[in-house]
Amino acid sequence: MGRVGLSTDRLVRAGAELADEVGFDQVTVSALARRFDVKVASLYSHVKNSDDLSTRIALLALEELADRGDLALAGRAGKDALTALADVYRDYAREHPGRYAAAQLRLDPEAAAASAGPRHARMTRAILRGYDLTEPDQTHAVRLLGSVFHGYVSLELGGGFSHSAPDTQETWTRILDALDALLRNWPPKT
C-alpha cells in the first residue's frame, strides 16, 4: 500500500470530504486514490468499488444528520421541535452539500434498514405526536415535511432563490410557520 494508515473509515470520511468539495456524483475510488496518492488497487482491500464507497458515504451522512437531529430535538416539542429539525437539515446541507446529496442515495433494503434512516422517521414522527395526528395522516405529514425540507434545501443550494427578494431566511421562517399552522389544523379526510 502506498500510504500507511488507510482504513475503511478514513477512506469513507475522505470520500465525504471530497463529495463536499466536488459533488457527490464525482466521488469514485479512482478520485479517492488520487487524493491519497496511491494506486486504485490498494483501496480495494477497504472498499469493494465506487458503489460501495457511495453507499458508505450515504450511511455516514444519514448517521451525522440523525445525530444532529437527536441533539436539536432534545427537550423540544411542537413548532419549536419542527423548526429545530428543519434547521438541522438545512444547516447540514449548507455545510456539507456533497454529504447531503449522499443522504438522498437510494439504498438497498438491507442497507436502508440498518442505516440511520429509521431514526430520521422516528424523529419526524415524534414531532408529529405534538400535533395529535393519527394514521394515515401521520404518514402523509411525514412525507409532506420531507418533501418541503428537501425541496426547499435543494432549490436553495442550486441557487434557485438567489435572484430575488425577500431573503431566503425570511421565506424559510414563513414556510415553517405555515407548516406549523397546517399541522395544527390538519384537514379531515373527506
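This section describes the fold, aromatic contacts, salt bridges and backbone features of a predicted model.

The chain contains nine helices and zero strands, so that the order of elements from the N terminus reads α-α-α-α-α-α-α-α-α. The C-alpha trace extends over about 60 × 40 × 30 Å along its principal axes. Of the 190 residues in the chain, 42% are buried. Among contacts with a separation of 6 or more, 69% involve residues 24 or more positions apart. The accessible surface amounts to about 10400 Å², and carbon and sulfur atoms contribute 52% of this area. The side chains include 23 positive and 26 negative ones, with the centres of the two sets 3 Å apart.

Four aromatic pairs are present in the structure. One of them is formed by Phe 149 and Trp 172, with a centre-to-centre distance of 6.3 Å and an angle of 55° between the planes, which places the pair in the tilted class. Phe 149 counts as buried because its relative accessibility is 6%, below the 20% limit. Trp 172, at 0% relative accessibility, is likewise buried. Ring pairs also connect Phe 149 and Trp 172 with Tyr 89, Tyr 152 and Phe 161 in a cluster.

Side chains of opposite charge can pair when their charged atoms come close. In the model, 16 salt bridges are counted. Within helix α1 (residues 8-22), Arg 13 and Asp 9 are four residues apart, about one turn of the helix, and their side chains form a salt bridge with an N to O distance of 3.4 Å. Both residues are partly exposed, with a relative accessibility of 38% for Arg 13 and 47% for Asp 9.

A salt bridge also joins Arg 35 and Glu 21, whose closest N and O atoms are 2.8 Å apart. Arg 35 is partly exposed at 32% relative accessibility. Glu 21 reaches 53% and counts as exposed, because the limit for that class is over 50%.

The salt bridge between Asp 67 and Arg 119 has its closest N and O atoms 2.9 Å apart. This pair links distant parts of the chain, with Asp 67 in helix α3 (residues 50-73) and Arg 119 in helix α7 (residues 117-129), 52 residues apart. Asp 67 is partly exposed, with a relative accessible area of 36%, whereas Arg 119 is buried, with a relative accessible area of 17%. Elsewhere, salt bridges with shared partners join Asp 9, Arg 13, Asp 20, Glu 64 and Arg 99 into one network.

Arg 13, a member of this network, lies in helix α1. Leaving aside residues up to four places away in sequence, Arg 13 touches Leu 60, Glu 64 and Arg 99. The C-alpha atoms of Arg 13 and Arg 56 are separated by 9.2 Å, although the two residues are 43 residues apart along the chain.

Several backbone features occur in the loops. The peptide bond from Glu 135 to Pro 136 is cis, with omega near 0°, and Pro 136 is in the loop between α7 and α8. Ala 165 and Pro 166 are also joined by a cis peptide bond, with omega about 5°; Pro 166 belongs to the loop between α8 and α9. Positive phi values in residues other than glycine are found at Asp 37, where phi is near 55°, and at Asp 132, where phi is near 60°. Asp 37 is placed in the loop between α2 and α3 and is exposed, with a relative accessible area of 61%. Asp 132 lies in the loop between α7 and α8, and its relative accessibility of 67% makes this residue exposed as well.

Note on methods: Residues numbered from 1 in each chain as written. Predicted model: local features only at pLDDT ≥ 70, side-chain atom pairs only at ≥ 80, totals over all residues. Heavy atoms only, no water. Helix = DSSP H or I, 4+ residues; strand = E, 2+ residues; numbered from the N terminus. Buried < 20%, exposed > 50% of the residue type's maximum accessible area, 1.4 Å probe, protein only. Contact = heavy atoms within 4.5 Å. Areas by Shrake-Rupley, 256 points an atom, 1.4 Å probe, with all protein chains shown as cover. Lys, Arg positive; Asp, Glu negative; His and termini not counted. Charge placed at Lys NZ, Arg CZ, Asp CG, Glu CD. Phe/Tyr/Trp six-rings, centres within 6.5 Å; stacked < 30°, edge-to-face > 60°. Salt bridge = Lys/Arg side-chain N within 4 Å of Asp/Glu carboxyl O.
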